[in-house]
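Morning, everyone. I'll take one model today and walk through a few local features. Here it is.

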Amino acid sequence: MTTSQIAFLKGHGTENDFVIVPDPDNAIDLPASLVAGLCDRRAGIGGDGLLHVVRSAAHPEAQDMAGEAEWFMDYRNADGSVAEMCGNGVRVFARYLQHVGAVEEGDLAVATRGGVKKVHLAKDGDVTVSMGRALLPGDGVTVTVGDRSWDARNVNMGNPHAIAFVDDLAHAGSLFTEPAFAPAAVYPDGVNIEFVVDRGPRHVAMRVHERGSGETRSCGTGACAVAVAAARRDAADPAETGAPVTYTVDLPGGTLVITEHPDGEIDMTGAAVIVAEGMIDPVWLETLKG
């Protein structure tokens, strides 16, 4: 690990917050212990995850995407584990690139472990990201909190989700720890679990336990997965109706608007904000060596 100072920024999308580490040349070593320390809300900077900003050509996992996207979002969960994708993270990532003058309003592409994502930076400050298509594995799964259990819909948005429709969001419990799910073999690497209630026509509210992070204020891929599950439940699958369907999804940290198109492509729109920037103390960094 380098002992030199490391620059950082802090940003959030509907209060799903991230530590941002600019590193265009992929020169900074980020072991899990360092990421977890930076994301610690009491002893570190604090965040639901970390956005490592790297040029695609400089990262071995993204070099094959460099022709499509100049920048790679090397995303890490708050516990330091590597994740495939983070929808709110992509929006904040794009806002960071605009903040430093690397991109302007309009369209851009961002490489992720879940593939290349198309992003649009609007004049009104909202950021829309094309999240790709959902996969709906047929595996049945049950989610349990205390003495309550629900059948959950298995949706994959580049990362796995289990969506349970409930009568009251309080039934999800504290979400400090991961709710039980079965069979465990359906999600061998863990799962993001969403609890959902109806608020009105094409309008739902949710809470989420994100694997590796606990309950978060917002989850972009989770909101997309919830909209997909709700559309199937409501017999509004765009592939069958031939018309796009839009759901408003309320999260503890704000609101996201999710549109699924007849070809399966899903757009997610919401605000993304950069709130601070500074330098990390190199002496403190040394204490985080794992």
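This is a predicted model: local features need pLDDT of at least 70, side-chain atom pairs count only at pLDDT 80 or more; totals for chains, interfaces and linings use all residues.

Valine 273 sits in strand β18, residues 273–280. Residues are numbered from 1 along each chain as its sequence is written, and side-chain values use heavy atoms, with hydrogens and water left out.

Back to valine 273. Its relative accessibility is 33%, so it counts as partly exposed. The classes are buried under 20% relative accessible area, exposed over 50%, and partly exposed in between, with a 1.4 Å probe and protein chains only. Glycine 11 is 262 residues away from valine 273 in sequence, yet 5.4 Å away in space, C-alpha to C-alpha. Leaving out residues up to four places away in sequence, valine 273 touches Lys10, Gly11, His12 and Arg95. Contact means heavy atoms within 4.5 Å.

Next, the strands. Two strands pair if DSSP finds at least two bridges between them. Strand β10 (160–165) and strand β12 (192–200) run parallel, joined by five bridges. There, histidine 161 stands opposite asparagine 192 of β12. On to β13, residues 203–210: β12 and β13 run antiparallel, with seven bridges. Valine 197 has alanine 205 in β13 as its bridge partner. β12 and β13 make a hairpin with two residues between them, and arginine 202 in the turn has a positive phi of about 55°.

Now the cysteines. Cysteine 86 is buried, at 4% relative accessible area. Cysteine 219 is buried too, at 2%.

Last, the lining of the largest cavity. A cavity is a set of points, on a 1 Å grid over the protein atoms alone, where a 1.4 Å probe fits but cannot get out; lining residues have an atom within 4 Å of a point. Fourteen residues line the largest one, with Asn77, Met85, Asn159, Asn192 and Glu210 nearest its centre. β4 (71–77) and α3 (220–233) are the elements giving two or more residues to that lining.

Terms used
On a 1 Å grid over the protein atoms alone, a cavity is a set of points where a 1.4 Å probe fits but cannot get out, and a pocket is an open set with protein on both sides within 12 Å along at least five of seven lines; lining residues have an atom within 4 Å of a point. Helices (H or I, at least four residues) and strands (E, at least two) are DSSP runs, numbered from the N terminus.
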